[in-house]
Amino acid sequence: MLLTLDLNDARPLHEQVAGAIRRAIGEGSYRPGDRLPPARDLAQVLGINPNTVLRALRDLRDEGLLEFRRGRGVSVAGRADGRALLAQRARELLDEARKYGYGRDDLIAILEDLP
């Protein structure tokens with residue numbers, strides 16, 4: 001799994017990690033039953049604290065996307081539904097819009113003007 005973090009992104013690192021994993025599941029890079037690399041390995045590759053990765057994994061477990069099994073690591077429990085994937089992308093779009101001075105209502109107006 002190739003994960004990257006944007007250090008200029010205002011979102012907390014654990015949210016960025018969770019979003020990247022959520023996208024990988026939603027796009028089919030990981031299928032139900034597939035095991036994820038250990039949190040320590042992910043943290044080392046990303047250059048962040050392992051606790052940050054663990055927090056992201058716990059969030060995804062709470063969403064029902066991952067399951068933790070003692071002695072077996074973390075595996076994908078199910079496929080991200082379209083709504084969860086779109087919600088993640090909408091959050092990212094809203095964060096990007098805020099960088100340019102636009103708020104939620106401005107973004108909604110822009111979306112409503114699209115054909």
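**Exercise 1.** Is the crossing of H2 and H3 right-handed or left-handed?

*Solution.* Some ground rules come first: this is a predicted model, where local features need pLDDT of at least 70, side-chain atom pairs count only at pLDDT 80 or more, and totals for chains, interfaces and linings use all residues. Residues are numbered from 1 along each chain as its sequence is written, and side-chain values use heavy atoms, leaving out hydrogens and water.

Step 1: take the helices as DSSP runs (H or I, at least four residues), numbered from the N terminus.

Step 2: The H2 and H3 axes come within 8 Å and cross at roughly 120°.

Step 3: the crossing is right-handed (the near helix is turned clockwise from the far one by less than a right angle).

**Exercise 2.** Find which residues of H2 and H3 meet.

*Solution.* Using contact as heavy atoms within 4.5 Å, Ala 39, Leu 42 and Ala 43 of H2 meet Pro 50, Val 53, Leu 54 and Leu 57 of H3.

**Exercise 3.** Sort the buried and exposed residues of H2.

*Solution.* Step 1: in H2 (residues 39-46), Ala 39, Leu 42, Ala 43 and Leu 46 are buried (under 20% relative accessible area, 1.4 Å probe, protein chains only).

Step 1: these lie on the same side of H2, because their arc around the axis is only 100° (taken from directions to the C-beta atoms).

Step 2: the face turned away carries Arg 40, Gln 44 and Val 45, which are exposed (over 50%).

Definitions and conventions: Helices (H or I, at least four residues) and strands (E, at least two) are DSSP runs, numbered from the N terminus. Axes are lines fitted to C-alpha atoms, for helices over the stretch in contact, and angles run from 0 to 180 degrees between N-to-C directions.
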